[in-house]
Amino acid sequence: MARTWRRGPANQQSRNWNTGRSSVNTDELEHATYEAERRVLEIQAKLHRWARDDPHRRFDDLFNLCADPAFLLVAWDRVRGNKGAKTAGVDGRTAASIAARTGVEEFLDALRGSIKDRSFRPLPVRERMIPKTGGKLRRLGIATITDRVVQASLKLVLEPIFEAEFLPCSYGFRPNRRAHDAVAEVRHFTSHGYEWIVEGDIKACFDEISHPALLDRVRLRIGDKRVLDLVKAFLKAGILGEDRVLRETSAGTPQGSILSPLLSNVALSVLDEYVAQGPGGPGSS
């Protein structure tokens, strides 16, 4: 039977968060996570449908979803299951250490409270320089586990809305899409009369995205100022360099951030639309 939008009391939805130390409590957490996944998927489907059916709709009441127990539990589960969960941010905490020392229930309850009362503040990301081919280095930003969970919850809320308007020619960092699909489309077009393939690259794309331009784009769909403030807070969180110097972030989204791929696609959707309207594009007459 389908569920409705009505949210029950937080204590009822979150009472099985605690991992404890026994197999019974572990089973309870798994069941709670399964139920949370179902709830999140149902709400995501509604958000996507509403965004698809009304291209001009602005969503004004999303903040409570970002702090919803089900969304936070699913966000925690995804952060914990990621291979980066063993890597700490600037606070030195890993997913395992949080579960062992604090407990999942206590951690998520406290996090939910700080989001709801708007005392939550993201910490700077920890910089790690990763070698690239050719001797160059790529900057990776490692957020704290707490910040990753909030970002993951934000993504669960925002992604279905923006996915409704991303063009089908976009393949990077999108659900159920991959580079192989883009290659297959190129092969399709080259077998149907197209003769030229133009390859390009956006230099330091993640590093150079304009915050004002990005937020203006986000505002076209998101009218909830509390959600916009959360997104902006993550963009402005700063970077603690390998040299231990704290740097402000006036542009870009840190590579490695959970929100970065989605926000980058929001920014780059302007380019997709421009190309689509060009000669030979799917949007051209």
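The largest pocket holds about 2200 Å³ of space. A pocket is an open set of points on a 1 Å grid over the protein atoms alone, where a 1.4 Å probe fits, with protein on both sides within 12 Å along at least five of seven lines. Lining residues have an atom within 4 Å of a point. The volume is the space filled by probe spheres set on the points.

This is a predicted model: local features need pLDDT of at least 70, side-chain atom pairs count only at pLDDT 80 or more, and totals for linings use all residues. Residues are numbered from 1 along each chain, and side-chain values use heavy atoms, without hydrogens and water.

Of the 46 residues that line the largest pocket, Cys169, Val198, Glu199, Gly200 and Asp272 are the closest to its centre. Helix α12 gives the most to this lining, 8 residues. Helices here are DSSP runs (H or I, at least four residues).

The second largest pocket has 24 lining residues, with Asn82, Arg148, Gly256, Ser257 and Ile258 closest to its centre. Its largest share, 5 residues, comes from α7.

| Pocket | Volume |
|---|---|
| Largest pocket | about 2200 Å³ |
| Second largest pocket | about 670 Å³ |

Now the helix pair. Helices α10 (residues 211-219) and α11 (residues 225-235) pack at about 155 degrees, with axes 11 Å apart. That makes α10 roughly antiparallel to α11 (angles over 145 degrees). Axes are lines fitted to C-alpha atoms over the stretch in contact, and angles run from 0 to 180 degrees between N-to-C directions.

Conventions. Helices (H or I, at least four residues) and strands (E, at least two) are DSSP runs, numbered from the N terminus. Angles under 35 degrees count as roughly parallel, over 145 as roughly antiparallel, 65 to 115 as roughly perpendicular and the rest as oblique.
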